[in-house]
Each structure stands twice: as C-alpha cells, then as structure tokens.
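Here is a friendly walk through one protein model. Please keep the sequence and the 3D view open as you read.

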Amino acid sequence: MFDFCPNEEQKLMLEKATEIMEKYVYPNEKYMVPHRGLPNEILKPLQEIVKKEGLWAGHLQKEVGGMGIGFLSLGLLSEVIARSPIGPYVFGSMAPDAGNGEILWHAATKEQKEKYLIPLANGDIRSCFAMTEPEVSGSDPRMLQGKAEKDGNEWVINANKWYTTGAVGAAFAIAMVVTDPDNDPHHRTSLFIVDTNNPGFEVVREVPVMGDHYPGGHCEVRFTNCRVREEDMLGKRGEGFKLAQLRLGPGRITHAMRWIGVAHRCLQESVDFAQERKAGDKTLAESQIIQNFIADSEAEIQAARLLTLQAAWRMDQGDEARSEVSIIKFFGAKVLNDVIDRSIQVHGMYGLTPNKVLEGFYREARAARIYDGADEVHRMVVARQILKENKQNRLGRGVTV
Ligand SMILES: Cc1cc2nc3c(=O)[nH]c(=O)nc-3n(C[C@H](O)[C@H](O)[C@H](O)COP(=O)(O)OP(=O)(O)OC[C@H]3O[C@@H](n4cnc5c(N)ncnc54)[C@H](O)[C@@H]3O)c2cc1C
C-alpha cells in the first residue's frame, strides 16, 4: 500500500527547498539569459548554498555527491524546485546532465566515474547525449546509422547527430552508434564517451528550436573519423539500446515530476492574477468560466501528480514500471501544456509578455510531447500492454496496490 504523505525527513527536505526557492531562486529568475540560463557568477553561489543544505543532485547516489533519496522523494522535491525555470540548475538536476549522470552511475568503469561522473555530479562540467540522427526516426533508435568501426585498440566513429542538447560548452558527449550492424536490432549499438576536444568531434550549429531554457543549445554535432580508445566504450559492446533505455526510464519520470512543479507555479500565478484583476465591478476569480479553468487545472495536476508518484513508488520497489512511466509521459505532458495554456488565457496579453514566467514555460512545454518518446509512442506502449493483458485474461487484475 503506498502513502504519499511526506514523512518527517521528507517534510524537512521540502521545507528547506521551499525556503531556498523563496529566498534565492525566484528573486534571481530575472537574470536568466535566453538559451544560456543563469550567468555563472549568479548560479555558482546559489549552487553552493544548495550543496551546504544537502539538497544537491537529488537524482544521484550519495557516493557521488547526490542525495540518494529514491524516486518518490525525488518526485516530491522536484515539484518544489521545478516551480522556477532556473530551479533544476540551482539544485543540480538539469537535463541532460541528470540522465547522463544516471547512466554513468550504472554503466561506467571506476576510471570513467572518476574522470567524468564525479566532476559532472559536482556541477564542474556539463555533458551531452548524442543519439538522434537527421536521417532516421528518432523515435526508433534501432534504426540508427552513425557507426563506430574497430581499428586496433581504437574505435573510429563517423556519425551525424542532431538535437544534442547542451553540446556547446559540454566537456564530453555520450554517443550512441552502430558497432555490430549484423546483430539483431536491439544489439547493434554501443555507447562511447567522447571528449568534446577530440579533433574528430564538431558542433556544426545550434539548431534553432522553440523554447529557451537550456544552456548549450540543441545542436547538430558531427563525428568525423573520431578516434576513441577501447576503454572509452560505456558499458558493454552491443548494449547501447539497453543502456539508452535505462537512461530514458528515470529521465522520463524526472521530467514528469518537474512538470508538476511547473504546472503548480502556473496555476498559482493565474489564481493570484484572477483574484486581483477586475473585469467590470468583479474580479476575474468571481467569473464561473475562470473558476472552471482553475478547477480543471487543479484536477488535472492532482491526477498527473498521483500517477507520477505511483510510478515513482513502483520504481523504488525495483519495478521498471514501464507502462506507468509511459502513461505519465504522455498524460503529464498534456496536463502541462493545458495548464500553462489556461494560465496564459487568464492573464490575457500580459501572459504572453516576458514579465511572466508563463510564456517561457509555454514555449518549453510543447517539446515535452516529443522528447524522450513522442506521445504516440508512449500511448502505443500502454495500449500494447493492455492488449497483452487482455489476451492473457489478466486485464484489470492486481493493477494498483
Ligand atoms: C527539447 C528536445 C531536446 C532533445 N534532446 C536530445 C538530446 O539531447 N539527444 C538526442 O539524441 N536527442 C534529443 N532530442 C530528440 C528526441 O529524442 C527526438 O526528437 C524524439 O525521439 C523524436 O524523434 P524525431 O524528432 O526524429 O521524430 P520522429 O521519430 O521522426 O517522429 C515524428 C512523429 O511521428 C510520430 N511517430 C513516431 N513513431 C511513431 C510510431 N511508432 N507510431 C505512431 N506515430 C509515431 C510521432 O507523432 C512523432 O512526433 C531532443 C528533442 C527535443 C524536442
């Protein structure tokens, strides 16, 4: 039986996080630079405060400087820190470093952990993940074409990748490329860690994409006769698909957790505005239509929150929770988009100005229905599971607690 009421330890964590948000994070939102995030002279001191309070990198284990709190606590914490677009940066849990940190934790050798994971976890360097290619559907990594060929003790990578988030300024990339083209589709690819100062690695351009919160852009990158050592393979040969899934599973739930915080913030902003703004002799909040907006948003946020915490709880029990994670990926993304949309509507044109966080959140939110698996793919995962259970006469049995 799960219970999502925070225990004493979680309450303390949430109180401390809320205090930091109010004292240091919201007041610094105005310094955020589009496409670049917060300047280091503002960001670094804030990160030090978070580290001192023991709230740094909730997604990572204690051994590498994280909190080691599990998915459920991470979900509760993410709701608080994601209420600001700069929250995840200040608390050391921003994409794509969070996902890369998790994959390194699971698959890296001792040497790779020391060289890459420790400075990444500490926020000293940034990283990127190069999987999606212009030529093939990003939704199906079994179709990747970029390849690495063995040459003595080295691998030679030739690949075009795009939408590689954070590539400008990253210290290293994790590249997913074909090493064994004749294997079955799930065992054709491997992962490599590539230093971005490798002469064979090149950031071709930042692809202009709607939304502006990520430092380092969403880039087209190219690997041209890029030589890496045998020891730079991450995980085992042929494990690329499996490890990418391992990265994406927790990544998806982390996104969904963050979206709850964003949606809460937007609802809060619209309620504040509706209670102040007058139309005729009444406030907007007195209008039935605006009340419907508020009620619908609250109901949807609560539903997405419970689904997310349930998936987190299952993952803490060691379950992959594949179907649950897919549900929150497409359902959570829809709730996020709808709640922000209503909040903007309540504000009128003011909601579209940069004086409010809403328009920035809105531009970011559209991508949520595409990255880490488009809605359609996640719906397919859920539907296939239901169809399978029905064939086995298991549908509806033992689904929840
Ligand atoms: C903000 C953002 C950041 C990103 N960061 C990274 C990154 O750091 N590294 C990286 O490698 N990639 C990154 N990506 C790329 C992302 O992983 C891909 O965009 C995603 O996997 C979808 O692939 P695609 O864009 O090639 O669309 P396609 O796979 O070509 O799909 C196009 C559309 O077809 C439909 N579709 C696809 N498959 C199916 C199906 N099986 N059934 C029904 N309909 C289907 C969906 O509607 C989908 O939206 C990022 C994307 C975004 C938006």
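At what angle do the axes of α5 and α6 cross? They cross at roughly 150 degrees and come within 10 Å; the axes are lines fitted to C-alpha atoms, for helices over the stretch in contact, and angles run from 0 to 180 degrees between N-to-C directions. The two helices α5 and α6 are therefore roughly antiparallel, a label for angles over 145 degrees, with under 35 counted as roughly parallel, 65 to 115 as roughly perpendicular and the rest as oblique. Helices here are DSSP runs of H or I with at least four residues, strands are runs of E with at least two, and both are numbered from the N terminus.

Before going further, please note that this is a predicted model, in which local features need pLDDT of at least 70, side-chain atom pairs count only at pLDDT 80 or more, and totals for chains, interfaces and linings use all residues. Residues are numbered from 1 along each chain as its sequence is written.

The protein chain is divided into domain 1 (8-121), domain 2 (127-238) and domain 3 (242-391), with bounds that come from an automatic or database domain assignment. The centres of domain 1 and domain 2, taken over C-alpha atoms, are separated by 25 Å. Their contact takes 17 residues from domain 1 and 15 residues from domain 2, where two residues are in contact if their C-beta atoms, placed from the backbone, lie within 7 Å.

On the side of domain 1 that touches domain 2, the elements giving two or more residues are α5 (97-107) and α6 (110-121). Of these, α5 gives the most, with five residues. That side of domain 1 divides into nine nonpolar, five polar and three charged residues. In this grouping Ala, Val, Leu, Ile, Met, Phe, Trp, Tyr, Cys and Pro count as nonpolar, Asp, Glu, Lys and Arg as charged, and the others, Gly among them, as polar.

Back to the helix pair itself: α5 and α6 make a left-handed crossing, the term used if the near helix is turned anticlockwise from the far one by less than a right angle, whereas clockwise is right-handed. From α5 the contact draws on Asp 97, Asn 100, Gly 101, Leu 104 and Trp 105, and from α6 on Gln 112, Lys 113, Tyr 116, Leu 117, Leu 120 and Ala 121. These contact residues of α5 and α6 divide into six nonpolar, three polar and two charged.

Pro 96 lies in the loop between α4 (87-90) and α5. The peptide bond from Ala 95 to Pro 96 is cis, with omega near 0 degrees.

**Two further helix pairs**

Two packed helices are described by the angle between their axes and the distance between the axes. Here are two more pairs in those terms.

| Helix pair | Angle | Axis distance |
|---|---|---|
| α7 (residues 240-276) and α8 (residues 288-316) | roughly 160 degrees | within 10 Å |
| α9 (residues 322-347) and α10 (residues 358-365) | about 150 degrees | 10 Å |

The angle makes α9 roughly antiparallel to α10, and α7 and α8 are likewise roughly antiparallel to each other. α7 passes α8 in a left-handed crossing, and the crossing of α9 and α10 is left-handed.

Among the residues of α7 that meet α8 are Ile 253, Ala 256, Met 257 and Ile 260, and their partners in α8 include Ile 290, Ile 294, Ser 297 and Glu 298. The contact of α7 with α8 has 15 nonpolar, three polar and two charged residues. In α9, Leu 336, Asn 337, Ile 340, Ser 343, Ile 344 and His 347 meet Leu 358, Phe 361, Tyr 362 and Ala 365 of α10.

Asp 272 counts as exposed, with 12 C-beta neighbours inside 10 Å; a residue is exposed if 12 or fewer other C-beta atoms, placed from the backbone, lie within 10 Å of its own, buried if 20 or more do, and partly exposed in between. Asp 272 and Ala 285 are 13 residues apart in sequence and 9.0 Å apart in space, C-alpha to C-alpha.

**Two residues with positive phi**

Ala 57 is not a glycine, yet it has a positive phi of about 50 degrees. Its place is in the loop between α2 (40-52) and α3 (70-81). Ala 57 is buried, with 25 other C-beta atoms within 10 Å.

Asn 393, also not a glycine, has a positive phi of about 60 degrees. This residue is found in the segment after α11 (375-391). Asn 393 is exposed, with 7 other C-beta atoms within 10 Å.
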